[in-house]
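I opened the notebook to record what I looked up in this structure. The entries follow the order in which I went through it.

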Amino acid sequence: EELELSSKTALELGSGSSTISGLAAGHLCKFTTLTDRPEVIQKLGDAASRAGLLFDKVDVKVLDWGDLDFTMSCFRAENIDLIIMTDVVYYDMLWKPLLRTLLVLSRTTTMILWTNCNAYPKFKPDIDAFLKLIGEFFDVAIVDDIPQSGCGSPSEVLGGRAVTRRLTLRDEEAAQEAVEQALARDAPGAALSEAGVQGQAAPHRRGQGVSPCCVVAAEGAGGGGGKCHEVAVAGSAAQRCGMAQEVAGAHAVSAALAVPRASFWIIESASWPAGEGFVK
């Protein structure tokens, strides 16, 4: 009640295959979108369905922190009141992609709640280093700090803490500038060009609701035969999502369906079981 969640639209980053925090938000918030990489979306959708939340209160979408173009085409910061994250600060190679994703999705009015353990059974994340990284753009305040002991998790660490912090974006113009700089460093379609794809990527500019990831096979279409559904982020993220072999020609792309402002699209090839994934 204090956070007025019943009136807020929430988005969770890094939901995983079964998210307690995301499903709780689904029950408490006006509407919640759960996001993660393509390989866990099916299980994530199943979890939301079992909770009786899918589509009515919860949606499930692909969001790859490494593909800003895709994120900007499929999500709008003005439509997000609350961002939640749980144990997303782990591998340091993902820190900058996560920060840039937050800069794209946040406004100064966005409430960001981030809970992270300071230790895991076999790993201790450098929380202080991540805080230093995001400190250039966000004000950070601790809102809760509890011991891991007694939480009932098989991964709890003796002496470990679970800390919840609230992040507040200070300057939208500075955030926009940082995002533009990051986009300038990324050559459009670089991953697809390296994979040898003969296709065409739809143009994109911030503020347009057209996906930059519409890739249509120009040669060899239908050569693979068969139909299978692989939920994949498109454009430059295709390679990172394990689609490089299909896209590069190991299995010819027979069709690509791109939906403006949808979170993902379907590639039909000959190597995956049919019917997997969600399309809205």
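Predicted model: local features only at pLDDT ≥ 70, side-chain atom pairs only at ≥ 80, totals over all residues.

**Entry 1: helix 2**

I looked up helix 2, which covers residues 38-50. Its 13 residues should span 18 Å at 1.5 Å a residue, and the end C-alpha atoms are 19 Å apart, which agrees. Next I asked which residues of helix 2 are buried. I listed Pro38, Ile41, Leu44, Gly45, Ala47 and Ala48. They sit on the same side of helix 2, because they cover an arc of only 160 degrees around the axis. On the face turned away from the buried side I found the exposed residues Glu39, Lys43 and Arg50.

**Entry 2: positive phi values**

I then checked the backbone angles. Most residues other than glycine have a negative phi. I placed Phe55 in the loop between helix 2 and strand 3. Its relative accessibility is 39%, so Phe55 counts as partly exposed. Asp87 is another residue other than glycine with a positive phi, here near 50 degrees. Asp87 lies in the loop between strand 4 and helix 4, and at 31% relative accessibility it counts as partly exposed.

**Entry 3: a surface patch**

I looked for nonpolar side chains on the surface. Tyr91, Met93 and Leu94 form a nonpolar patch there, with about 330 Å² of accessible area together. Leu94 is in the loop between strand 4 (82-86) and helix 4 (95-105). I noted Leu94 as partly exposed, because its relative accessibility is 35%.

**Entry 4: strand pairing**

In which sense do strand 5 and strand 7 pair, parallel or antiparallel? I found the antiparallel sense, over six bridges, for strand 5 (residues 111-117) and strand 7 (residues 161-169). Trp114 stands opposite Arg165 in strand 7. Strand 6 (residues 138-147) also pairs with strand 7 in the antiparallel sense, over nine bridges. Here Ala141 stands opposite Arg166 in strand 7.

**Entry 5: salt bridges**

I counted a salt bridge where a side-chain nitrogen of Lys or Arg is within 4 Å of a carboxyl oxygen of Asp or Glu. The count comes to six salt bridges.

Arg37 and Asp64 form one of them, with the closest N and O atoms 3.1 Å apart. Arg37 is in the loop between strand 2 and helix 2 and Asp64 in the loop between strand 3 and helix 3, so the pair ties together parts 27 residues apart in sequence. Arg37 is partly exposed at 26% relative accessibility, whereas Asp64 is buried at 4%.

Glu172 and Arg107 form another, at 3.9 Å between the closest N and O atoms. Glu172 is in helix 6 and Arg107 in the loop between helix 4 and strand 5, so this pair ties together parts 65 residues apart in sequence.

Asp139 and Arg170 meet in a salt bridge at 2.9 Å, N to O. Asp139 is in strand 6 and Arg170 in the loop between strand 7 and helix 6, 31 residues apart.

Technical notes. Residues numbered from 1 in each chain as written. Heavy atoms only, no water. Helix = DSSP H or I, 4+ residues; strand = E, 2+ residues; numbered from the N terminus. Expected span 1.5 Å × (residues − 1). Buried < 20%, exposed > 50% of the residue type's maximum accessible area, 1.4 Å probe, protein only. Arc of directions from axis to C-beta. Patch = residues over 30% accessible without salt bridge, like charges linked within 9 Å, V, L, I, M, F, W, Y side chains within 5 Å. Areas by Shrake-Rupley, 256 points an atom, 1.4 Å probe, with all protein chains shown as cover. Pairing = 2+ DSSP bridges.
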